[in-house]
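The sequence and the structure are shown first, and a commentary follows.

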Amino acid sequence: MATARAMLERRRSSRVHTRIPITIVSPHANGEARDAAAEAISVSRTGALLRLPFLPELGSRIEVLHGLSNERREFRVISVRDRKEQGPFELGVEIFYPNRNFWGVAFPDERR
């Protein structure tokens, strides 16, 4: 099992624990889009840990609408934390194009 230090060294960027309101748009099984209010509870430049009321499939693409800036970005579901039968669910996601700070937060390892 990897130590906490080794796991931290493997991360591409630091994480910030926060609560940012978001809306998730995800394709539903019948092909229609599904919208749901959710929140980001931990963010980094390259991804986030999201809490939402439904469980998209691993590997699926979801669109996140930032509740404060109204900016939209596409993410991929890469993990599910503590898989359970009913929500809310916590998902690890990675951003497809991390060219700028989507979350609008200062990260500890940023140069000033």
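A residue is called buried when its relative accessible area is under 20%. The model described here is predicted. Proline 56 has a relative accessibility of 7% and therefore counts as buried. This proline belongs to the loop between strand 3 and strand 4.

Which residues does proline 56 contact, apart from its neighbours within four places in sequence? They are Ser26, Ile62, Val77 and Leu91.

Strand 4 (61–66) and strand 5 (72–81) run antiparallel and are joined by five bridges. Within this pairing, glutamate 63 has glutamate 74 of strand 5 as its bridge partner. The hairpin formed by strand 4 and strand 5 has five residues between the strands, and asparagine 70 adopts a positive phi near 60° there.

Strand 5 also pairs with strand 6, again in the antiparallel sense, over six bridges. Here arginine 76 is found opposite glutamate 94 of strand 6.

Glutamate 71 is located in the loop that links strand 4 to strand 5. Is this residue buried or exposed? Its relative accessible area is 19%, and because the limit for a buried residue is under 20%, glutamate 71 is classed as buried.

The side chain of glutamate 71 makes a polar contact of 2.9 Å with the side chain of arginine 100. When residues up to four places away in sequence are set aside, glutamate 71 touches Val64, Leu65, His66, Arg100 and Phe102.

## The largest nonpolar core

The largest nonpolar core contains 24 residues, of which Ile24, Val43, Leu50, Val64 and Trp103 touch the most other members. Two or more residues of this core come from each of strand 1 (16–27), strand 2 (33–43), strand 3 (47–52), strand 4, strand 5 and strand 6 (89–95).

Tryptophan 103 has contacts beyond four places in sequence with several residues, among them Ile20, Ile22, Ala40, Val43, Leu50, Val64 and Phe75. Tryptophan 103 also touches Ser44, Gly47, Ala48 and His66.

Notes. Residues are numbered from 1 along each chain as its sequence is written. This is a predicted model: local features need pLDDT of at least 70, side-chain atom pairs count only at pLDDT 80 or more; totals for chains, interfaces and linings use all residues. Side-chain values use heavy atoms; hydrogens and water are left out. Helices (H or I, at least four residues) and strands (E, at least two) are DSSP runs, numbered from the N terminus. Buried means under 20% relative accessible area, exposed over 50%, partly exposed in between (1.4 Å probe, protein chains only). A polar contact is a pair of N or O atoms within 3.5 Å; within protein, one must be able to donate a hydrogen and the other to accept it, and residues adjacent in sequence count only if both atoms are side-chain atoms. Contact means heavy atoms within 4.5 Å. A nonpolar core is a set of buried Ala, Val, Leu, Ile, Met, Phe, Trp, Tyr and Cys residues joined through side-chain atoms within 4.5 Å. Two strands pair if DSSP finds at least two bridges between them.
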